[in-house]
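Q: Could you help me learn to read a structure, one feature at a time?
A: Gladly, let us look at it together.

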Protein chains: 2
Amino acid sequence: MTAGSTALHTDRYELTMLDAALKDGTAHRRCVFELFGRRLSAGRRFGVVAGTGRLLELIEDFRFGEDELRFLRDERVVDAATLTFLEGYRFTGSISGYREGEAYFPGSPILTVEGTFAEAVVLETLALSVLNHDSAIATAAARMSIAAGERPLAEMGSRRAGEESAIAAARAAYITGFNATSNLEAGRRWGLPTMGTAAHAWTLLHDTEEDAFRSQVDALGTGTTLLIDTYDIQEGVALAIRVAGTGLGGVRIDSGDLPTVAAQVRTQLDELGATGTKITVTSDLDEYAIAALAASPVDSYGVGTSVVTGSGTPTAGMVYKLVAREDSVGGWVPVAKASLDKGSTGGRKAAFRTLERGTATSELIAVSDGFEEVATGAQHPDARALQVRLVADGEPDAAFTGPSGVRAAREHHAFVREELPVRALALSRSDPALPTVYIDVA
Amino acid sequence: MTAGSTALHTDRYELTMLDAALKDGTAHRRCVFELFGRRLSAGRRFGVVAGTGRLLELIEDFRFGEDELRFLRDERVVDAATLTFLEGYRFTGSISGYREGEAYFPGSPILTVEGTFAEAVVLETLALSVLNHDSAIATAAARMSIAAGERPLAEMGSRRAGEESAIAAARAAYITGFNATSNLEAGRRWGLPTMGTAAHAWTLLHDTEEDAFRSQVDALGTGTTLLIDTYDIQEGVALAIRVAGTGLGGVRIDSGDLPTVAAQVRTQLDELGATGTKITVTSDLDEYAIAALAASPVDSYGVGTSVVTGSGTPTAGMVYKLVAREDSVGGWVPVAKASLDKGSTGGRKAAFRTLERGTATSELIAVSDGFEEVATGAQHPDARALQVRLVADGEPDAAFTGPSGVRAAREHHAFVREELPVRALALSRSDPALPTVYIDVA
């Protein structure tokens, strides 16, 4: 349990609050925590939920083994009674929420976590770490996928992200429409297609560019992609075709003014008879650069830094808030923080996307004062219910985890994007593409 | 070996290049790879190297076990001969470079990796992932530490970063002057001091704010810090002192216009006689907000999103380039990519920080055409040599790893910052505080 335990991916205050709540008896009050975003960052028109499947697996490993308990004891983080509680800790509550790949808007109840205060409060940091990171990547990646249209996109940004976040980023990008990743661990762990070409080091390793190209073609076949900008692009292209023939699979351009260079390279390839040789470009692309290349003779894109860093928004800004709890006599009360700039809406929520002729028109959130399931489907027959049960009595639904969960999320995202109004797909800064509408069903 | 293997934190092209190089014999050419940044991002005046100690440990786990080999075989990433090579892979070369916590400038040779092409090329992604992430955080955190002056800083951003990057971020922030982290795993793994207060959920869990405060004080003592902005700040402060007495340790403010609110809270606390109660603020702080609070009666800062996302620069943009290699007759040649916008300087390098009366004046980089150690200390008696041996014959120097490596890096960073010129410490955008000067010693 120790090597894989996620139990200390936790802010200290969660355990000190638990400690105090065990002393005063409130630890066992049943609670509803909600994970949501107050706004979309950077004028994005929609957000994309990602990380859910990862989170469900990490929650299964949220157990306090000997090493975790020893650390907490040695550091005097909590007292002996709390250590005993943690030793037996296992999340036994339920989690419902948006499917991975779903679009979200300000206030969307992305996750609803129900359980005792004790078992739900300790998941705050882990849940937010995973959802905030992965959703930020997915939201940016979806925009790149929209900009790329039918042209394939590869995620190649591992080197610009922490070594584990890189894998999560590859996964999130794949869910939102990227076709492959350069990261082998992402391939192994999540079943993503992997791809690659060659680095400048490959050319520099050899005595001549010709040696490098010849060796690569010998080893990998003429279907390979040659990197042609180590020295001079025009000479590189000529050499590539001389070495590989007009059946060369592709060339990669990693520098220069891409619209200009891509056009020159395409003309040169065509003149050499290599009309089937593809052009892939990989230099500092983001959604805007991809869109600017739409009219250029580019066949595929490789995206690095901008996708793994969320294209300017590396975290989604979601929060995890107590929205309802049991009172001292067993009733239910909605609760909310009052601060003007950081307020939240108390009460358990049910969320629907209203549709008109198949196109989404609003994010409808039904707020219940109590703890009972709120159901408004009957009131809005054209609305699609957005929440599914992800964890029941502590058991995650296997449909959402592992590589099959990733494939399902990718399919769901494609479905969701079809449903969004056209204005959601523009890249410029704007308000959210759908209004969030609250209705009170208490 | 499998669970902890880092061998697939690798871009696919590294292994396909290895595959081709094993076929043409260049895999065994001795090579020098260099990890460096072409520029400082976002007008920063200096960068801070971080992640080195983590990387050395991850390289020790860079071994291909059964699971890794099976994946590569099943996916046909490489051929059988390459699989056999990888099965016996272990990095046996050497790595020298900047100490963790050191300042860096454009072109600084942060790491120099020497070995065969085969053993060095495969470390590209892992080395860049770790150094780019951790150095981006450290560079931003150093600016926050400068802005905070003598006031304590806590890192509380785990929820805004991927769950493993969060721990690396806590570590990088501590190296550059943060005093503590909220992340318990960072405490366990790297020996960092951990801290925490309470969340709004704590107050909302209880029937009244008074119940919440009383319970927290009962459990954690009057030295605790009470979060006073769940409902009304003025009432929260009055209640906090009524419950805890004038000996209350601290209050935390997490919303509102902080300079105004902090001044009001200080006045109120003093009027109530709680002159020793500290004020900690935690709402969306970055280096500029911290600087703007310098004249406010704030005792400590908690920083979240901005530090774990590099305050607008979540990755450091470093690259890993082949700079010298053996030629076909056993001689050494410097190599470099020619592209105008992404060129690099070939040859092995030695780096020094020149000093005048104890203040740094330049980053002096001696470029050698050959492979021999370049040594210019004698030519510049006031220069401090910046590179140390981190890995010798595949063995990392234990002085740089583990919790003791973190403490050493923190001390080294404090020393380095004292040496920087005053202009390096300003927050506004500018050129690098030191010029990079190349000299040719071939």
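A: One point before we start: this is a predicted model.

Q: How many salt bridges are found across the interface of chain A and chain B?
A: The rule finds 14 salt bridges there. There are also 50 residue pairs in polar contact across this interface. On the side of chain A that touches chain B, helix H1 (residues 12-24) of chain A gives the largest share, ten residues. The residues on that side of chain A divide into 36 nonpolar, 31 polar and 27 charged.

Q: How do I read the size of an interface?
A: It is often given as the accessible area lost when the parts come together. Here, chain A and chain B bury about 7600 Å² between them, with 57% of it on carbon and sulfur atoms. Each chain brings residues to the contact: 94 from chain A and 94 from chain B.

Q: Now a helix, please. What span does helix H11 of chain B reach?
A: H11(B) covers residues 233-244 and reaches 16 Å from its first C-alpha to its last, close to the 16 Å expected for its twelve residues.

Q: What lies at the ends of H11(B)?
A: B:Asp232 caps the N-terminal end, with a side-chain oxygen 3.1 Å from the backbone nitrogen of B:Gln234. After the helix comes B:Gly245, whose phi is positive, near 85 degrees.

Q: Which residues of H11(B) are buried?
A: They are B:Gly236, B:Val237, B:Leu239, B:Ala240, B:Ile241, B:Val243 and B:Ala244. Their cover includes helix H10 (209-220), strand E8 (225-227) and helix H12 (258-271) of chain B.

Conventions. Residues are numbered from 1 along each chain as its sequence is written. Chains are lettered from A and ligands numbered from 1 in the order in which they are written. This is a predicted model: local features need pLDDT of at least 70, side-chain atom pairs count only at pLDDT 80 or more; totals for chains, interfaces and linings use all residues. Side-chain values use heavy atoms; hydrogens and water are left out. Helices (H or I, at least four residues) and strands (E, at least two) are DSSP runs, numbered from the N terminus. The expected span of a helix is 1.5 Å times one less than its number of residues. Buried means under 20% relative accessible area, exposed over 50%, partly exposed in between (1.4 Å probe, protein chains only). Contact means heavy atoms within 4.5 Å. A polar contact is a pair of N or O atoms within 3.5 Å; within protein, one must be able to donate a hydrogen and the other to accept it, and residues adjacent in sequence count only if both atoms are side-chain atoms. Buried area is the accessible area (1.4 Å probe) that two parts lose on being put together, summed over both. A salt bridge is a side-chain nitrogen of Lys or Arg within 4 Å of a carboxyl oxygen of Asp or Glu. Ala, Val, Leu, Ile, Met, Phe, Trp, Tyr, Cys and Pro count as nonpolar, Asp, Glu, Lys and Arg as charged, and the others, Gly among them, as polar.
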